[in-house]
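Please open the model in your viewer and keep the selection panel at hand.

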Amino acid sequence: MSTVDLSNVSELKEYLEITPFACDDFEVLSGGTGNFVCRIKLRSPYEGSSTAVVKHAKPYVFSTRNTERYPFALERQRFEVESLRLVKEWLPPDSFVTVPEVHLFDEKESVIIMEDSGQNSVTFKEFILRGRCSPEVGTRIGSALGEFLGQLHVWGKDNLSKVVELLGPNEPAKKISGWATYGRLVSTLKGDDNLDALSGAPLGIPEDQLEIIKDVGEKTQQIMLSAEESFLMGDFWTGNILLQLDEADNVKRIYVIDWELAKPGLCGWDLGQLAAELDLLRRFHPSQKEVASNAISSFYQSYSRVHAGDIALYRTAVTHWGNHLVVWTPRVAWGDRDTTRQTVLSGVEMIIEGQNGAEEKIYKRFSPTQLYLPPSFPYPIKVVSIDTNVSSEIERGTRLLSYSFVYLSRTAGAQPETRFGTWDSAIEGTLKSWNIRAGDVISQRKAKEKPVGIVIEPCKHGMQLGGLCVLCGKDMTNTDYIGFSDASRASIQMTHSANGPTVSLEEAQRIEKETAERLLKSRKLSLIVDLDQTIVHATVDPTVGEWISEGEAWEARHTAKAAHGEGAEEDGEDECNPNWEALKDVKKFRLGPESFGTVPRGKGKAVNRGVESEGCMYYIKPRPGWREFLKEVSTKYEMHVYTMGTRAYAEEVCAAIDPDGTAFGGRLLSRDESGSLTQKSLQRLFPCDTSMVVIIDDRADVWEWSPNLVKVIPYDFFVGIGDINSTFLPKIEPLTASTPSPSTPTVSSSDSLPLATPETTTPEDVERTAFEAKAKLTENSLALEAQVEARPLAKKQEELQSDPVTDSLTKSDEIVTENVTEQPSTETKEKEEVQSTIPTKTPRKALLKNDDTELVRVYKLLSDIHQQFFDTYDAHSSDIASKSSQKKGNEKIPWDVTRIIPSIRSEVFKGVNLLFSSVIPLDTRPETTEIWRMAVMFGAKCSVELTPDITHVVAAKRGTVKVDMARKRGGIKIVWLVWFTDSVALWQRQDETPYLLDDPPAAGPSTSPLSFHQMSSDPDLDEEEEWELEATPVSGPGSGNADTGSPNFEASQINWDDINDEVEAAMMESDDDDDMSEVNIGVQDGSTGIQSANASEDEWTDESNSVISSSNNTPKKTKRKRLRSLTPSEAGINGGDNDVLRSPLSKRKKLAADRSGYSKLKEAISAEELRPEAGSVKTQSDDGSSDERVTPTKATKENNNEEVDDDGYEEEDDDDDDDFLAKEMEEEWG
């Protein structure tokens, strides 16, 4: 018993004066809960050291709250000294991990003077908490500690009698360890200990689990008094591990201190304690999760390599790990109450698992590798022998087992024969267990579903960079006869860099789990953001730069005038560019020629040599409201950019819209590193779990309509430009049967190794893929060059300025009225002649509009998704006990955006039963078309017949059988297709009234929230698409056949000269004029957004490319092939078939008309029936609308062979030697 209080500074100095350790200065290291420890500076160096550590013990130990003392015999110091001397016996002098040398032990005064680890030393715990430990250093430290502890336990088993003799009597250590960790287990969970961190609502542990935990606590306390498996350190945690550092924070050496609890015991207790302490660091300090996780993984792998324990070892470790979390977490100030409670519940789960869990689950806690038989084996196979024993060390090439199989030759009459094979290991480590035995017959299904063995590897190579393992530095590119490459074990690229590390599936799951925990704690989700036509619109048209310069110059002039006090009176000669107001916030930057990719020589023109050498200027228009949108969304989402643009382009755009990086934070993925030029993959950034990821993009097809997608209406500020980075994207035909998308390739897990040769890509495949990618980039580059040269915005501005029909409308919003006279009247001509003599200046019209409000709608949707997610999360996590067992088996968690987004989307057409008319092609299964799938996706039920439950008929034209039947039945809303597309685009069911087909809509300026081209920026549909054909009655208003009882008129009344003039004018019309009447598929009523009455059958289709996807909106003009005039013999007058004159579409129309009995070819019409009204006759167009046009008609039946149908124009090529039938077949087949 000490006679002096050496915790008193003066008495300590006096005590040291009579020893070789006299000192003048000292530093208190710890007041301790049971020891007083200080560093002394020696007057004279001792064994080459100028410092030493003094440890003085008291006969008690304080509780963690320093309110109670517990007796702790002073003889513990004797056991500590004995332990340190035992370790020094077997530990090499130059070992990286070591223990302090004991210089002096005064048992009477309870003083130990020992080696100092240095003034720059710090505990492993503090090293991590201060952020000074990198993941790589954490891996190295964990590995070193695992090797040390494994060697300690192996030596202890080999020298167990000595250990028991010297340390067995350390009863105080056994009792205090049993009580501190296991004696307080049940009282902690029941709340009997009145711990602040667990106050409030009960933890809700089921009674059956409490019984198991109670039994574990009582039994383990008894086991601790008698267990004699090996030599235990007894208090192996991060606070007792000192790191000796140099000035650069490099770890020079590791010291394990405080051995006063050393004793014989179970090895799993040491393993579980260090793992639990590292686990607490990553739970309460998320920024250090990777460091702590790496340390745990490398610690166990290294330990297992040295000490090959059985399943009992790991059960003990898991149980002790869980006990430590339960008892010590609420007693140490680790962090907030919610995390503490969750950690305690996790500890409970681990205790139960340690007692009753399956072996595979136990081993998985320590990151083992599960061995699966290769899929290439000739199954079924029979195991002949197991060639490697459990606990054996295996290397690459080690024989694992031998097997037999039955071979049947393909030769006729051949008899089955038994053959033999072997299986060699492709990895190295310690074989922990076999799940098979000799004589077992294994089928291919069984081999796939169940591992045959478990191996503990020194390193699983779960993170690789540049062909090397990041964790151990091993070369991953080496191959041998086995054919298995370690590089395939970390094949997942989930960073935003093309040259970043690749990880294994196991590592990816760990990273995503940590990310999810971090986001949940900050109440955020992940958001993938597209750039082009979602947040910004871009162009390379130099016209924009000129307009900006013009506007800036105009403002400079007005500023100068105001500065000189000249006032701001209007100057007719100084007119501002009408587009300047919308262009004020346009950003611009120049990219080098490499941004164009490879342009074939000769493709570019001389005018663009500057582009080839200097690159081109990009003009970026942020979508209105972008600042507020990014600011508000960043409070609820962690945003990632994912674009089809190049890396250089994306970085410039992000620098323009997010200059300080607060929104995106460098999280940027471009086509340079995405791995595909035509598709975007959610698995590229989130390979395992997408339950917290939302996407906003203007194109749905590139995401294959992912359930995570919120479709955005394309931003088309630069009219007609479209997406400058998507010219190589695929053209999707939405009205044809969909092709099943390829399944997502599965990534092999590093903990489930088949050890078979992976399928490799042939050099030809690589070369072909590279060639296709190069071709796509070249196509995109040529499109940019063409835009720079063609200056489409300047042309559109000129067209707008010279267009007499539009006054304030831009070309993108032009309205085509139902009946536009093709030639101006005489009165109009006279007025124009008079006006032309008056020199008036036409006001310049604005082509570009700044009126987009889409981001407001998108933000509301994102807010709703965020709100629903966390409402669901909070509702389920309120019962913390149930939350601790979430995601067991295949059970999906309810807080999942892949459930929430489809749920919101399905509300749009909830209760709606749709029937499509003239929308889906005849030769296509309706269920496979994009518009059908879209309707179902948004909550509608679809039918192919007019059933009693139909609520809406969605039609592309009037007068179809389905439309007429629905109108006769009554109670059904018959709407234009644009009602459907508007509802889908806005994610809100639109009021049907403005979209009804009941009355022909009046033409007028559109005030619809969407024009058709806004909803789709995907490539245009083929105008020759085959549509559903339904006979249209000829009779009725405007049919031209109405029997009105009008008096007959004589042919002499007809002015044949006028008719001839009009016929000649009609024949001189260009193809462009005709085509333009066909491409106005988006014409809508001005106030309602209804389709124009003269939209023909060919004009309306299902929404192009997933209904509301993005593309170039410029109307597509296709040159029609004219049919040449044929001689009577060629036309088949003598019994020939007139259909040879017709196009495929015309033939089908004629057949449909013939079947319905309405063919005009069978009618004889006299001149008396052609009574003109105001000099014209109403004739019916294809879609049932009337056309005011004087048309000479010959009614003689024998002249029918000379009739030209709507497609039967004269061919432009007069070469009679052409094979007309071959040309028709070529046109039919595309």
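Residues are numbered from 1 along each chain as its sequence is written. This is a predicted model, in which local features need pLDDT of at least 70 and side-chain atom pairs count only at pLDDT 80 or more, while totals for chains, interfaces and linings use all residues, and side-chain values use heavy atoms, with hydrogens and water left out.

Select residues 207–226, which form helix α8 (helices are DSSP runs of H or I, at least four residues, and strands runs of E, at least two, numbered from the N terminus). Colour L210, I213, V216, G217, T220 and M224, which are buried (under 20% relative accessible area with a 1.4 Å probe and protein chains only, whereas exposed means over 50% and partly exposed in between).

Next select 542–563, helix α16, whose buried residues include W547, I548 and W554; the buried residues of α16 pack against β26, α17, β28 and α23. Just after α16, G565 takes a positive phi of about 70°.

Finally, show the largest nonpolar core, of 121 residues, where L583, Y618, L914, F916 and F980 have the most contacts (such a core is a set of buried Ala, Val, Leu, Ile, Met, Phe, Trp, Tyr and Cys residues joined through side-chain atoms within 4.5 Å). Helix α25 (residues 854–877) gives the largest share of this core, eight residues.

How values were computed: Expected span 1.5 Å × (residues − 1). Contact = heavy atoms within 4.5 Å.
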